[in-house]
Amino acid sequence: MIRFLPREPGKLRRLAAIASLSLATFLAVLKLLAAVATGSLAVLSSLIDSLADIVASSITYVSVQISQQPPDRGHRFGHGKAESLSALAQAALVAGSATFVLIDAVRRLGDPRPVQATGLAIGVMAVAIVTTLALVRLQRHVVRSTGSQAIDADSVHYRADLLTNLSIVASLLLTRQLGWVWVDPAMGAAVALYLGWHAYRIGSGAVKVLMDHELPPGTRQRIEAIILNHPEVQGLHDLRTRESGTTQFIELHVELDGRMDLSAAHGVTDAIEAELFAAFPDAEVILHQEPAGVEDARLDHRIAGAAESPR
């Protein structure tokens, strides 16, 4: 299936967003029928999650469309953070649905009821497992190819759904085979807690991007190694990085021989930029040329001072 997918990143992200929305709608209808027929809280919890999936997938689709718009006068850094806003909205929706299910599960644990027509419920959940597995495979390919944060958050969401559906099938089988009616609300509560943790992970990742959190230490070290490997570079400082959507922003001061003429210094920074673009094809790079040995006010000094000052 993967080799027949489009290779253009924008088309891949749109395809994944449409597939996610279509699957969420299809599964919500199936789970609604199963929940009405069985009265299972575990199936109901999965239905609530699928309804949240419809909203979340709709937001993902819109955010993917917005994030692909080019920079304009009002958004000169582009629109990539629309994907982070989408991930944050998904986290809020998942947290809300988890709270709803947890409250109902606690109530039902005090008054467990038998689950009816478990064969139908198991069949519906089996369909959900197979189709969700196919979607997750598609999303993983899209994330590897494009680095989309919105699709990545959606993929994490559906991977959680996959585990949730497997746990629901287990609870239904235990109820039918052993008559343990308490297993259904207990599994519903476990699913709710798992969804809450899942919401925290999605939300914290989105907040990091929205707050311009630095790229991982390993990525920063790779950037420094590329720059310092150039023979004309005598040092660097004030490296700062962030990301927006699929774009990484890299900004730093390059220390060069102060006797170097402007044309030669420009050639050095052009060569460094070419190497950085080869390593980070979607990056935006800003390099400031500075004579080596000059002592001036630096961001690195302010950060070091803030770290050393008592709180």
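Trainee: What makes the contact of Arg-13 with Glu-83 a salt bridge?

Mentor: This is a predicted model, in which local features need pLDDT of at least 70 and side-chain atom pairs count only at pLDDT 80 or more, while totals for chains, interfaces and linings use all residues. Residues are numbered from 1 along each chain as its sequence is written, and side-chain values use heavy atoms, with hydrogens and water left out. A salt bridge is defined as a side-chain nitrogen of Lys or Arg within 4 Å of a carboxyl oxygen of Asp or Glu. The closest N and O atoms of Arg-13 and Glu-83 are 3.8 Å apart, so the pair meets the definition. The bridge links distant parts of the chain, with Arg-13 in helix α1 (residues 9-38) and Glu-83 in helix α3, 70 residues apart; helices (H or I, at least four residues) and strands (E, at least two) are DSSP runs, numbered from the N terminus.

Trainee: Why do Arg-13 and Glu-83 count as buried?

Mentor: Buried means under 20% relative accessible area, exposed means over 50%, and partly exposed lies in between (1.4 Å probe, protein chains only). Arg-13 has 9% relative accessibility and therefore counts as buried, and Glu-83, with a relative accessible area of 1%, is buried as well.

Trainee: How do you know that Arg-242 and Asp-212 form a salt bridge, and what is the burial of Arg-242 and of Asp-212?

Mentor: The closest N and O atoms of Arg-242 and Asp-212 are 3.5 Å apart, in a pair that joins strand β1 to the loop between α6 and α7 across 30 residues. Arg-242 is buried, with a relative accessible area of 16%, whereas Asp-212, at 35%, counts as partly exposed. Salt bridges that share partners join Lys-81, Asp-212 and Arg-242 into one network, and the count for the model comes to 8 salt bridges.

Trainee: What is noted about the phi of Asp-212 and of Asp-238?

Mentor: Asp-212 has a positive phi of about 55° although it is not a glycine, and Asp-238 also has a positive phi of about 55° without being a glycine. Asp-238 lies in strand β1 and is buried, with a relative accessible area of 8%.

Trainee: Why is the protein chain called more spread out than a compact globule?

Mentor: The secondary structure of the protein chain comes to 9 helices and 3 strands. Its radius of gyration is 25 Å, well over the 19 Å that the globule rule gives for 311 residues, so the chain is more spread out than a compact globule. That radius is taken over C-alpha atoms, and the rule is 2.2 Å times the number of residues to the power 0.38. Along its principal axes the C-alpha trace spans about 85 × 55 × 35 Å.

Trainee: Which residues touch the most other members of the largest nonpolar core?

Mentor: A nonpolar core is a set of buried Ala, Val, Leu, Ile, Met, Phe, Trp, Tyr and Cys residues joined through side-chain atoms within 4.5 Å. Of the 18 residues in the largest one, those touching the most other members include Ile-223, Ile-250 and Val-254. The elements that give two or more residues to this core are α7 (217-228), β1 (235-244), β2 (247-256), α8 (262-279) and β3 (284-291). A second, separate core of 16 residues includes Leu-12 and Tyr-158.
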